[in-house]
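Thanks, everyone, for making the time this morning. Before I start, please bring the model up on your own screens, so that you can follow along as I go through it.

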Amino acid sequence: MTTGQRAEIDWRDGTLPVSTRFDDPYFSAHNGLEETRHVFLAGNGLPDRFRAGFHIAELGFGTGLNLFTALIAWRQAGHTTPLHFTSFEAYPMDAADMDRALLSFPEAHAVAAPFLAAWARGETTVTTPDLHAQIIIGDARRTLRDWKGAADAWFLDGFSPAKNPELWDGALMSQVAEHTAPHGTFATYTAAGFVRRALQDAGFAVTREAGYGRKRHMSLGRLDH
């Protein structure tokens, strides 16, 4: 397995993985795939903004559902060069648990096999003809600071700010902005006030939009420079 502390999981109804460390599910029980499309793709103006070399970065890799949903959209948009995807994860899930979780989403599961095979071998960088994915293991408050990349779009998908506030603090949101390309964007499922204020302080123009399903609001934004 990759380095880092392994994810600790309970399975609700046999299909929904729940982090025992944070007492929070990895994805929505009300169609996590469609939530990813609503929040992270549409929230970042995707797939319309896709272009060669486009780079997505993410806080909280989890099951990989966001990666595979983005890859599906990339392919549907007709791109054949690699989508660049970097994710920061402190508690990696093992390949067998990822595979089990993705069975709830056959469309995502269908494109996941090459990544899951590499992940099972302990690889954290996976390259295929249309994907270059790097999963950086460790506390993002340290690992993001050392990252040399810059994202065109951020998926901020840590566990609930109430249960995992470390992944939403002001210093980390400033690092997100520091590692965002000019006029880059973010989207997240949360509309927590302290998160929105931290992202505004970091330099993003932040708006609150309609959330997915039972979540009334979500947040998205664009870097002002």
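This is a predicted model: local features need pLDDT of at least 70, side-chain atom pairs count only at pLDDT 80 or more; totals for chains, interfaces and linings use all residues.

Residues are numbered from 1 along each chain as its sequence is written, and side-chain values use heavy atoms, with hydrogens and water left out.

Rolling a probe the size of a water molecule over the atoms shows where empty space is left. Here a pocket is an open set of points on a 1 Å grid over the protein atoms alone, where a 1.4 Å probe fits, with protein on both sides within 12 Å along at least five of seven lines, and lining residues have an atom within 4 Å of a point. The largest pocket has a volume of about 790 Å³, the volume being the space filled by probe spheres set on the points, which are joined across faces, edges and corners. Its lining has 39 residues, and those closest to the centre are Asp157, Gly158, Phe159, Asn164 and Leu167. Which element gives the most to this lining? That is helix 1, with four residues, where helices (H or I, at least four residues) and strands (E, at least two) are DSSP runs numbered from the N terminus. By class the lining has 15 nonpolar, 14 polar and 10 charged residues, with Ala, Val, Leu, Ile, Met, Phe, Trp, Tyr, Cys and Pro counted as nonpolar, Asp, Glu, Lys and Arg as charged, and the others, Gly among them, as polar.

Now the helices. Helix 2 and helix 4 pack at an angle of about 100°, with their axes 9 Å apart; axes are lines fitted to C-alpha atoms over the stretch in contact, and angles run from 0 to 180 degrees between N-to-C directions. The two are therefore roughly perpendicular, a label for angles of 65 to 115 degrees, whereas over 145 counts as roughly antiparallel. Their contact, meaning heavy atoms within 4.5 Å, includes Leu71 and Ile72 of helix 2 and Val111 and Phe115 of helix 4, and by class it has nine nonpolar residues, one polar and two charged.

Helix 3 and helix 4, by comparison, pack at about 175°, with axes 9 Å apart, and are therefore roughly antiparallel. Among the residues that meet there are Met98 and Leu102 in helix 3, and Leu116 and Trp119 in helix 4.

In the loop between helix 3 and helix 4 sits Ser104, which is partly exposed at a relative accessible area of 35%; buried means under 20%, exposed over 50%, and partly exposed in between, with a 1.4 Å probe and protein chains only. Ser160, in the loop between strand 8 and helix 6, is buried at 19% and touches Asp24, Trp168 and Tyr189, leaving aside residues up to four places away in sequence.

Finally, the backbone. Most residues other than glycine have a negative phi, and most peptide bonds are trans. Asp13 has a positive phi near 55° and is exposed, with a relative accessible area of 73%, and Asp23 has a positive phi of about 50°. The peptide bond from Leu46 to Pro47 is cis, with omega near 15°, and Pro47 lies in the loop between helix 1 and strand 4.

How values were computed:
Angles under 35 degrees count as roughly parallel, over 145 as roughly antiparallel, 65 to 115 as roughly perpendicular and the rest as oblique.
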